[in-house]
Amino acid sequence: MKGRGDVDSVVSSMGVKLHYFEPSGRTIWTVVGKENEHWLDPDLPFCSCADYYYKAMTAGGECYHLKAVRTAKEQGKVETVKFSDSEFEIFIRALVKDLM
Ligand SMILES: [Zn+2]
């Protein structure tokens with residue numbers, strides 16, 4: 001099980017990334033964890049990691065990526081990367097490919 005230390009290490013290494021597309025204002029959140037990068041939507045909340053599915057199917061609760069997003073927001077440690085809307089399609093394709 002991932003604990004509190006994982007959340008802190010992700011947040012302090014600026015692993016929480018907000019990809020912001022202009023001018024639409026669309027946002028994509030990713031968290032670079034210990035093994036690889038995960039896509040998540042903190043509003044749903046959803047995360048693409050295995051731990052999220054495990055928690056959703058068992059007792060509930062959040063994976064450490066979702067916790068890391070909330071912590072990073074609270075501490076102002078979100079790495080914001082700006083993109084143009086024309087890059088959105090390419091960005092999503094590359095991200096989905098990485099996730100599969
Ligand atoms: Zn996760």
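Modeller: Let us begin with a rule for helices: the expected span of a helix is 1.5 Å times one less than its number of residues. The model before us is a predicted one.

Biologist: What span should helix α3 have at 1.5 Å a residue, and how far apart are its end C-alpha atoms?

Modeller: Helix α3 covers residues 64-75, and its 12 residues should therefore span 16 Å. The end C-alpha atoms of α3 are 16 Å apart, in agreement with the rule. Just after α3, G76 adopts a positive phi of about 65°.

Biologist: Which residues of α3 are buried?

Modeller: A residue is buried if 20 or more other C-beta atoms lie within 10 Å of its own. In α3, the buried residues are Y64, H65, L66, K67, A68, V69 and A72. Across the protein chain, buried residues account for 25% of the 100 residues.

Biologist: Which members of the largest nonpolar core touch the most other members?

Modeller: In this core of 16 residues, they are V16, A68 and V69. The elements α1 (4-12), β2 (27-32) and α3 each contribute at least two residues to the core. The largest share, five residues, is that of α3. Setting aside residues up to four places away in sequence, A68 touches V7, V10, V11, G15, V16 and V31.

Biologist: Is K34 buried or exposed?

Modeller: For an exposed residue, the cut-off is 12 or fewer C-beta neighbours. K34 counts as exposed because it has 10 C-beta neighbours inside 10 Å. K34 is found in the loop between β2 and β3 (37-41). The C-alpha atoms of K34 and S9 are separated by 9.3 Å, and these residues are 25 apart along the chain.

Biologist: What share of the contacts joins residues at least 24 apart in sequence?

Modeller: Of the contacts in the protein chain between residues at least 6 apart in sequence, 55% join residues at least 24 apart.

Biologist: What radius of gyration would a compact globule of 100 residues have, and what does the protein chain have?

Modeller: A compact globule with 100 residues would have a radius of gyration near 13 Å; the protein chain has 13 Å, which agrees. Along the principal axes, the C-alpha atoms of the protein chain fill a box of roughly 40 × 30 × 25 Å.

Key
Residues numbered from 1 in each chain as written. Predicted model: local features only at pLDDT ≥ 70, side-chain atom pairs only at ≥ 80, totals over all residues. Helix = DSSP H or I, 4+ residues; strand = E, 2+ residues; numbered from the N terminus. Core = buried A, V, L, I, M, F, W, Y, C linked by C-beta atoms within 7 Å. Contact = placed C-beta atoms within 7 Å. Rg over C-alpha atoms; globule rule 2.2 N^0.38 Å.
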